[in-house]
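Try each task before you read its solution.

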Amino acid sequence: MSSVLGVSVGAGAVRMARPHTASPIRPIAPHSFDLQTIPVVEHQVEELAAEAIGVTLESMPGIAATAIAYRSEQHANALRAAMARQQLTNYELVPEIIAAVEFAQATGDIRDISSLVVYDLGSSGLTVSVVDTETREIRHSERTSDISGDYLDSLIREQQIASGRIAHPPDSAGLAALDALCREAKEQLSTNTAVALPSEQGLVLLAQENFESLIMLAIESSARMARDVIVRSERPVHGVLAIGGCARIPLIAKVLERWINVPVIVPDSPETVVTRGAALMARPVRTVIQTPQRHAPTADSMLDDDELSPAWLSAPPKRRRGKREINGAVLTVSALAVVAAIGLGLGYGPQVLTRDSQSSDPPTSVSPTSPPRTTTLDPQIAVAPASTPESAESVAAPPPRRTTTTEAPAPTPGPNTIVVPGLPPIVVPTIPPELFPFPAPTPAPR
C-alpha cells in the first residue's frame, strides 16, 4: 500500500511523518503517525533535509508523495535547490502555517473557529499569523528572531552561571553542551515542577516557578506581538493555535489567553504539528512534459522556405509545384518585357502595337480583384503578379475546380511570331528597311 511523507525543516531539527494508513480516518489521533527527528549537526538544514528525504524514499519505495513545509519564499528557494542537487522531483512545497491549519482541522481542534491566530514559537524565532480557516487565506503574518527557544535556553544558562552553580565553559564545545543541557531542562519543566541535571561544569538546578519568572518578560512580549498582528490584520479572531516546541510550556497558553482573551489550543506534540499537517497535504506530483505542437506545413510556409527543405519535399506533388509555377510565370513575363523593351528602344512601338492588334483578339479587361488567370497553354502555370501577399496566397492555394468551357481557337501565328512550347507566342518586331537602307548594287564593269 502506498503512503505519503510529510517533512518540516527547522533550524534545529528535520522532522518527518508518515501516516499509518494511506487515507487516515478523521479525526486523527496524534499517535497515528510514524515520526522521525533528525537533529541538525554541522549541516546546512536544507541539505540535511534533502539527503534525509532521498534516503527515506530509497528505503521505502511505497511512498508515493512527499510534502515539505516551508516558512518563507527564501526558505522555499533553498529547499528547491537542495532537492535539485539530490535529483528529487516528486515533491511539493506547502506553507508551514497552512500545514498547521490542515492538521488542526483534521483532528477537530478548530472545528468551530473561522478566524485563527497561529502562534509558532520554535528554536529560531516566533511567527504569528492570522488565517481564515475556511479559505486558507493568510490575512497577516509577522516573524521575529528576538523571541525564540534558543533565547529561552540562554536565559536559563545565564541564570545558572550567575547563581554560581555552573562554571562558564572554557570553549565553544563546552558552551554548546551547556546549551543542550539547558534546553533539556526547559523541556522537562513543561511537565515537572523542578529539574536537576548534572554536567561537567556543575549542576543545573531550577524550579518551575523560577523558570516562569525568568521567561515571563519574553512571553508577554510575544503575546503583545500577537495582539498587534491581530490589530493589523483588521480581522476578529476566535482562537489561538499554539505550536512549536516552546508551546509545551504551560505559561505560554496562560499569557496568550489573558492578552488576547480567546481560547488557546495546544495540540499534543506541538513541535510536530507542521510535519503531520504536511503529510496530510502530500499529493503525487504529475510531471507534464510539454512537447512542441507539430503543425502541418502550409503553402505559405513552403513558399518561404528553401525548395530543399523537408516540409517542401514532403508536400504532395500537387502543392509542390507552386514554386515552379511561379518561376515559370516570372520567366515568361521577363522574356516579354525584354522583347518589348527592345522594340520600344528601336522606335517601333506603334508598328508592333498595330501589327499585334491586327493579328490578335482584343484584350480582356481584368479587375484588380479578379482571381488569377491561367493560360490555355499550360493550366498549371499561374500568370499572376507576385508583388502582394494576397496574390501569393492565391497562387499557393490549390487551383479551384473549373468546368470545361469551349475556348476560341488560337490565332494563326504570323511570320514574325515565335512559338515556344510552354510559353505564350512571342512577336518579334520587323525592322523597316527605310531605317537601314541597303546600298544600291554596283553595276558590273563592262
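**Exercise 1.** Find what share of the residues of the protein count as buried.

*Solution.* Start with the cut-off: buried means under 20% relative accessible area, with a 1.4 Å probe and protein chains only. Of the 446 residues, 37% count as buried. Before going on, note that this is a predicted model, where local features need pLDDT of at least 70, side-chain atom pairs count only at pLDDT 80 or more, and totals for chains, interfaces and linings use all residues. Residues are numbered from 1 along each chain as its sequence is written, and side-chain values use heavy atoms, leaving out hydrogens and water.

**Exercise 2.** Decide whether Glu96 is buried or exposed (over 50%), and list its contacts beyond its neighbours within four places in sequence.

*Solution.* Glu96 has a relative accessible area of 10%, so Glu96 is buried. Next, take contact as heavy atoms within 4.5 Å. Leaving aside neighbours within four places, Glu96 touches Val9, Ala69, Tyr70, Arg71, His75, Asp120 and Val274.

**Exercise 3.** Classify the packing of helix H1 (residues 45–59) against helix H2 (residues 73–85).

*Solution.* Helices here are DSSP runs (H or I, at least four residues), numbered from the N terminus. The axes, lines fitted to C-alpha atoms over the stretch in contact, lie 9 Å apart at an angle of about 45°. That makes H1 oblique to H2, since angles under 35 degrees count as roughly parallel, over 145 as roughly antiparallel, 65 to 115 as roughly perpendicular and the rest as oblique. The contact involves Glu46, Glu47, Ala50 and Ile53 of H1 with His75, Ala78, Leu79, Ala82, Met83 and Arg85 of H2.

Methods
Axes are lines fitted to C-alpha atoms, for helices over the stretch in contact, and angles run from 0 to 180 degrees between N-to-C directions. Helices (H or I, at least four residues) and strands (E, at least two) are DSSP runs, numbered from the N terminus.
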